[in-house]
Amino acid sequence: MSVEPGGEVGGEITKIASEHAAQNGADAAAPSNHVGQAMRRKEDPRLITGRARYVDDITLPGTLWMAFVRSPEANAKIVSIDTSAAQEHPGVHAVFTGPDLTDLAGPLPMAWVPPGIEVNNPEHWPLAREHVRHVGDPVAVVLGVDRYGVVDAAEDVVVEYDALPAVTDPEAALEGPPYVHEQLGTNKVHEWSLPNDRLQAGFDEAEVVIERRVVNHRTAGAPIEPRGVLADYRAGSLTVWSSTQVPHFVRLFLAILLGMSEERVRVIAPEVGGGFGAKLQMTGEEVLAAWCSRKLGQPVKWIETRSENMAVNHQGRDQIAYCRMGAKRDGTITAFHVKIIADLGAYNMLLTPTIPALGAFVMSGVYKIPAVHTDVVGVFTNKCPTDAIRGAGRPEATHMIEVCIDQLAAELDMDLLELRRKNFVPSDAFPAEMATGVIYDSGDYDKSLDKLLEHVDLDAFRREQTELRQQGVYRGIGFSTYTEICGLAPTRVVGPEGFGNQAGFWESALVRVHNTGAVTAYTGASPHGQGHETAFAQIVADKLGVDPSVVEVVHGDTGTGPEGRNTYGSRSLAVGGESLARCAKKVADKARAIVAHQLEAAPEDIELRDGKFSVRGSPDRGMTLAEVAGAAYLNQVPEGMEPGLEETSFWEPENFVFPFGAHACVVDVDAETGKVKVVRYVAVDDCGKAINPMLIEGQVHGGVVHAIGQALYERVHYDESGQLITGTFVDYALPTAAELPSFELDRTETPSPVNSLGVKGVGEAGTIAASAAVTNAVIDAVRPLGVSYMNMPLTPMRVWEAISEAQGRKEGVSA
């Protein structure tokens with residue numbers, strides 16, 4: 001049956017649209033099995049050929065550049081600021097200091113805090129007022145026509161400081177003074193607990209108790225693209241381009257702080273060259289660029305230097321944990337207690353007090369421990385603030401658990417994998433309510449470990465290890481069996497009655513089919529390297545029976561599509577992807593109704609097969625999506641149905657999702673120098689159903705490197721006076737391909753019941769798992785040398801010192 005709705009004119013329009021669709025592939029029959037395929041990333045051609053646009057690539061007429069005057073002192077009163085010399089520089093239009101920002105509605109926001117507690121939250125302004133509290137704290141901003149001229153002018157701003165003692169050790173800071181915020185009379189930010197009333201009973205049942213001080217040192221996000229912002233205020237409206245993970249949050253807070261209607265503020269995240277949580281923030285630089293643009297009536301631009309990024313972009317980790325794990329002699333773990341002292345730096349930023357608490361919800365790990373209790377103490381120090389960095393509390397928790405598991409195995413003289421298996425939550429227990437009160441959605445921990453051991457022959461490794469030790473080569477193996485909590489977040493947990501007293505973290509989607517059958521999918525998620533344009537196109541294409549090449553995914557622009565909640569916490573696929581899937585299903589359901597109307601069939605008899613909506617049992621009677629769109633826009637639809645072919649969805653999960661896996665790391669340690677070499681790394685991850693295996697592998701690669709970097713190389717280090725020692729990549733060592741082996745990756749698939757796609761997150765999985773695997777491997781390697789425990793970073797000096805100290809003890813005993 002041929003369909004040509006709308007008479008002669010309508011038929012001609014449909015014909016033209018169909019011809020256009022055929023030329024562009026939108027009308028071609030497409031198999032509905034793109035999900036699960038290792039499809040190459042749609043984003044990559046523009047990214048690898050230099051055709052992408054980052055903030056620094058965007059230029060507006062009349063743009064003024066912005067440069068900051070930043071404090072060289074870690075703690076000081078501002079006595080005076082003389083800007084006269086800077087103002088006389090050629091091309092300088094203005095110089096502003098903190099007291100000039102009198103019309104801001106408030107300081108920078110702290111938006112999320114643990115529930116039921118008081119948090120000390122002193123005001124944190126975009127430009128310091130009267131006092132600076134860490135090196136890099138901004139005190140003035142210079143604006144002018146030349147990018148480098150404003151930097152020269154900023155050097156001529158004369159600031160007189162009255163330097164004060166600084167505190168950089170969080171445990172010393174708790175004793176105080178000196179106080180970071182003198183008016184508080186304390187450096188304690190907050191105390192919070194996720195308690196368990198069975199804790200004491202659990203330790204009473206224990207026959208063995210181990211205690212360790214586990215240090216998770218401070219690290220930098222170090223995105224390949226530092227931050228940048230371009231603000232343009234004109235005719236009462238503000239447009240901001242920012243290298244951010246959260247354009248919708250930035251729009252909201254800019255509107256609040258500038259006293260503007262939200263609909264008059266548009267925030268665009270163009271290409272974002274890496275985020276890793278470091279761009280999950282509402283920054284003073286964004287506020288200042290917007291404020292200055294409105295004040296001066298010209299666009300204002302700022303591009304962060306690498307040294308600025310290392311000094312003032314929020315940092316991560318920096319936790320000291322006192323861990324106690326109790327067990328019976330047969331290996332049954334009875335209790336786990338952790339007290340975390342979290343160094344929050346000088347100020348609370350968007351999520352700062354919440355980050356240490358996030359790990360508490362997975363402090364059970366993959367184990368059926370009956371009593372798990374977490375205490376958190378937040379502390380101010382004279383350092384750059386901490387906030388979310390890839391994993392945000394969960395890498396720290398996993399590191400504590402998995403290091404303690406190996407330490408317990410050594411204490412019990414028990415095989416470390418046997419100990420893990422003995423305590424795994426069994427696969428038939430899911431959904432599993434844990435001692436933390438969290439319900440894990442699905443899991444099969446034995447299966448992932450079994451898969452890992454298909455790649456790693458542990459018996460053969462131990463034989464090889466013995467032989468190598470006889471040759472003076474100290475090789476070790478470390479394991480990490482992990483889970484994480486992601487897919488933020490159900491309102492019942494994070495809403496007004498739950499954790500953090502915040503709005504629900506749903507996600508939005510809008511799917512529009514054009515006249516030609518091409519598809520535009522708008523998402524509230526905002527990528528920074530994950531491959532959203534590819535994975536989301538695969539999902540939508542399967543729902544609509546088209547090829548992913550004709551699905552354009554639009555993101556990162558608050559002026560297009562519905563309100564969004566953006567990207568962090570491995571939520572993009574589990575929440576954003578599910579929202580798109582549901583939205584595309586709405587479109588497909590409407591398409592079925594239109595086809596049924598056109599073909600005089602029942603809607604329930606219309607199926608999507610081989611890229612066509614056809615009558616079940618009569619595949620020749622059908623319409624492509626382009627033909628359906630033609631009918632929809634010509635209003636050839638059932639009575640009572642609106643014309644057009646687009647739908648909007650907002651979807652919120654009922655629970656988090658809990659990816660898991662098993663990782664193994666093999667290292668060699670040079671006993672003479674302490675240098676650690678990663679010889680082999682094997683990872684088996686389970687993130688539910690795979691949308692695109694290639695994207696999964698890319699995410700795992702990056703995550704593992706991130707954690708290996710922390711374990712062996714990276715450390716943000718301040719001296720006792722608060723001076724940043726690791727301010728450049730000369731001092732802050734990032735791993736390169738030369739330091740790493742080729743990773744061996746595999747997967748298991750345990751679908752999540754939380755969403756229709758069966759998916760879980762994977763962007764942070766490698767980071768969450770790997771630091772413990774590396775640490776355990778290094779300890780395993782040097783046990784014969786008398787070293788039974790070490791904390792990160794496992795740099796050559798620290799490893800050599802541990803070996804030397806152990807050998808000294810051994811010699812002392814011998815003597």
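Mentor: Let us begin with the sheet. Seven strands form an open sheet, that is, 7 strands in the order E3-E5-E1-E12-E9-E10-E11, and the pairing is mixed. At its edges stand strand E3 (92-97) and E11, each of which pairs on one side only. Direction ignored, neighbouring strands of this sheet are turned by 20 degrees against each other on average. Please bear in mind that this is a predicted model.

Within that order, consider the step from E1 to E12. Strand E1 covers residues 64-70 and strand E12 covers residues 300-303; the two run parallel and are joined by 2 bridges. Leu64 is the residue that stands opposite Val300 in E12.

We may now turn to the helices. Helix H7, residues 247-258, lies across strand E10 (237-242) and E11, and runs at about 145 degrees to E11. Helix H8 lies across E1, E3, strand E5 (138-144), strand E9 (228-234), E10 and E12.

How do H7 and H8 stand to each other? Their axes come within 11 Å and cross at roughly 50 degrees. An angle under 35 degrees would count as roughly parallel, and one from 65 to 115 as roughly perpendicular; H7 and H8 are therefore oblique to each other. The crossing in which H7 passes H8 is right-handed. On the side of H7, the residues that take part in the meeting are Val250, Leu254, Leu257 and Leu258. On the side of H8, they meet Glu286, Val287, Ala290, Trp291 and Arg294.

Phe276 lies in the loop between strand E11 (265-268) and helix H8 (284-296). Although Phe276 is not a glycine, its phi is positive, at about 55 degrees. Its relative accessible area is 28%, so Phe276 is partly exposed.

Other parts of the chain may be set beside this one. Glu600 also has a positive phi of about 55 degrees and is not a glycine. Glu600 lies in the loop between helix H17 (572-599) and strand E22 (606-609). With a relative accessible area of 71%, Glu600 is exposed.

Another loop, between helix H5 (170-175) and strand E7 (188-194), contains Pro177, and Pro178 is found in that loop as well. The peptide bond from Gly176 to Pro177 is cis, with omega near -15 degrees. The bond from Pro177 to Pro178 is likewise cis, with omega near 10 degrees.

Helix H18, residues 625-633, has 7 of its 9 residues buried, so the helix is largely enclosed by the rest of the structure. Those buried residues are Leu625, Ala626, Val628, Ala629, Gly630, Ala631 and Ala632. After H18 comes Asn635, whose phi is positive, near 60 degrees.

Finally, a word on confidence. The mean pLDDT of the protein is 94, and 94% of its residues reach 70 or more. Over residues 1-10, however, the pLDDT is below 50, and this stretch has 16 contacts in the model beyond near neighbours in sequence. Where pLDDT is low, the predicted coordinates should not be read in detail.

Technical notes
Residues are numbered from 1 along each chain as its sequence is written. This is a predicted model: local features need pLDDT of at least 70, side-chain atom pairs count only at pLDDT 80 or more; totals for chains, interfaces and linings use all residues. Side-chain values use heavy atoms; hydrogens and water are left out. pLDDT is the predictor's confidence in each residue, from 0 to 100. Contact means heavy atoms within 4.5 Å. Helices (H or I, at least four residues) and strands (E, at least two) are DSSP runs, numbered from the N terminus. Buried means under 20% relative accessible area, exposed over 50%, partly exposed in between (1.4 Å probe, protein chains only). Two strands pair if DSSP finds at least two bridges between them. Axes are lines fitted to C-alpha atoms, for helices over the stretch in contact, and angles run from 0 to 180 degrees between N-to-C directions. Angles under 35 degrees count as roughly parallel, over 145 as roughly antiparallel, 65 to 115 as roughly perpendicular and the rest as oblique. A crossing is left-handed if the near helix is turned anticlockwise from the far one by less than a right angle, and right-handed if clockwise.
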